Amino acid sequence: MIIAMKSDATEEQIEDVCESIRQYGYTPHLIRGEERVVIGAVGKGDNKDHLHSLRSRPGVADVVPILQPYKIVSREMKPEKSVVRVGDLEIGGAEFVVMAGPCSVETRDQLMETAEAVKSAGAQVLRGGAYKPRTSPYDFQGLEVEGLKLLAEARERTGLKIVTETVTAEDVEVVAEYADILQVGARNMQNFALLKKLGRANRPVLLKRGMSSTIKELLLSAEYIASHGNDQVILCERGIRTFETATRNTLDLAAVPVLNELSHLPVIVDPSHGTGRRSLIRPASKAAIAIGADGLIIEVHPRPQEAWSDGAQSLTPPEFSEIMMELRRYVGLESRYLNGALA
Ligand code: PEP
Ligand code: MN
């Protein structure tokens, strides 16, 4: 249920409504919009009639039900787009954000070389897996804490923010010690213990869509994180499984405007896992911008043919740099800007 406060509601009136919501067994979730405050009453609660009765409270403009099963992350609850802040970087705001780097952190030289290259090409965030969820148990599983330390060293050197995956709930604390954004991989989108733990983490979360998950399931997973206390969630379309085999996954670009309609959370696209092929990164990235994405996450490796994971979809630094130059023009058309280049 949404309790919309009048634009001149006082702080006491807002607190009074929140207190009643708690007494009725719901959790109040406050959203301060530009014009007025709305309070979401989420949770099981004991009686919706109690919430309806709040309509007569001083300062309350209206009480309306939230129709979607996800509440906090829905546009119904918050009509304005949300911005996720990572230090001085805003994701979902005027700047188009590009996260780039290797699939896996392999060695210091590999990571530093990639970090310098993606930084000078204009990326704002360095990606790189230190904990890798691999299909085969015999494949490289990641450098773990050693990889996290290398990512932190790359941040020191370049000033790039760091996004890296946490594969289990137990790893959340150590990953949060080193990373700026915690990534949930496609294979873990419905790992509810992990999502709950991330709800209590003090870091933004990049939530990737499960390869067989619907948009509604993605938003319900985001709701898990938000309802446990962390609404700093970035959604990521990374391709889904279909009958098509020409690409590694089927990049569901229509998911971007659908998510933008249903949710206020920022949405980024992963053309690397979404297509699985180096040659498709450029067209898929342009399409992602045109269709309204807030950013991209792209795999880059200094020597893709030697990569320990996902070489076939990794760009070389010169290829990445060339694509970034071209993307600036498209971002301009969308009246955003990409790292300094004004629309
Ligand atoms: C990755 O980002 O390297 C990764 C494993 O992605 P996904 O979870 O989307 O497969
Ligand atoms: Mn990968």
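1. A polar contact, as the term is used in this note, is a pair of N or O atoms within 3.5 Å. The structure under review is a predicted model. With that definition in place, the side chain of Lys-132 qualifies, because one of its N or O atoms is 3.0 Å from an oxygen atom of ligand 1.

2. For Arg-127, the separation between a side-chain N or O atom and an oxygen atom of the ligand is 2.8 Å. For Lys-208, the corresponding value is 2.9 Å. Ligand 1 has 300 Å² of accessible area on its own, and the protein covers 97% of that area.

3. Cys-103 has a relative accessibility of 3% and so counts as buried, the limit being under 20%. Asp-310 is not a glycine, yet its phi is positive, at about 55 degrees.

4. Glu-144 also carries a positive phi, near 55 degrees, and is a residue other than glycine. Its place is the loop between strand S8 (125-127) and helix H4 (145-158). Is Glu-144 buried or partly exposed? Its relative accessibility is 40%, so Glu-144 counts as partly exposed.

5. Asp-180 is found in the loop between helix H5 (172-178) and strand S10 (181-184). With a relative accessible area of 16%, Asp-180 is buried, because the limit for that class is under 20%. The side chain of Asp-180 makes a polar contact of 3.0 Å with the side chain of Arg-155. A polar atom of the Asp-180 side chain also lies 2.7 Å from the backbone nitrogen of Ile-162.

6. The chain is divided into domain 1 (2-64) and domain 2 (84-342). Their C-alpha centres lie 36 Å apart.

7. Strand S3 (residues 37-42) is mostly covered, with six of its six residues buried. Val-37, Ile-39 and Ala-41 point one way from S3, whereas Val-38, Gly-40 and Val-42 point the other way; all are buried.

8. How is strand S3 paired with strands S1 and S2? Strand S1 (residues 2-5) runs antiparallel to S3 and is joined to it by three bridges; Ala-4 has Val-38 of S3 as its bridge partner. Strand S2 (residues 27-32) pairs with S3 over six bridges, also in the antiparallel sense, and Thr-27 stands opposite Val-42. S2 and S3 form a hairpin, with four residues between them.

Notes: Residues numbered from 1 in each chain as written. Chains lettered and ligands numbered in written order. Predicted model: local features only at pLDDT ≥ 70, side-chain atom pairs only at ≥ 80, totals over all residues. Heavy atoms only, no water. Buried < 20%, exposed > 50% of the residue type's maximum accessible area, 1.4 Å probe, protein only. Helix = DSSP H or I, 4+ residues; strand = E, 2+ residues; numbered from the N terminus. Pairing = 2+ DSSP bridges. Polar contact = N/O pair within 3.5 Å; in protein donor to acceptor, adjacent residues only side chain to side chain. Areas by Shrake-Rupley, 256 points an atom, 1.4 Å probe, with all protein chains shown as cover. Domains from an automatic or database assignment.
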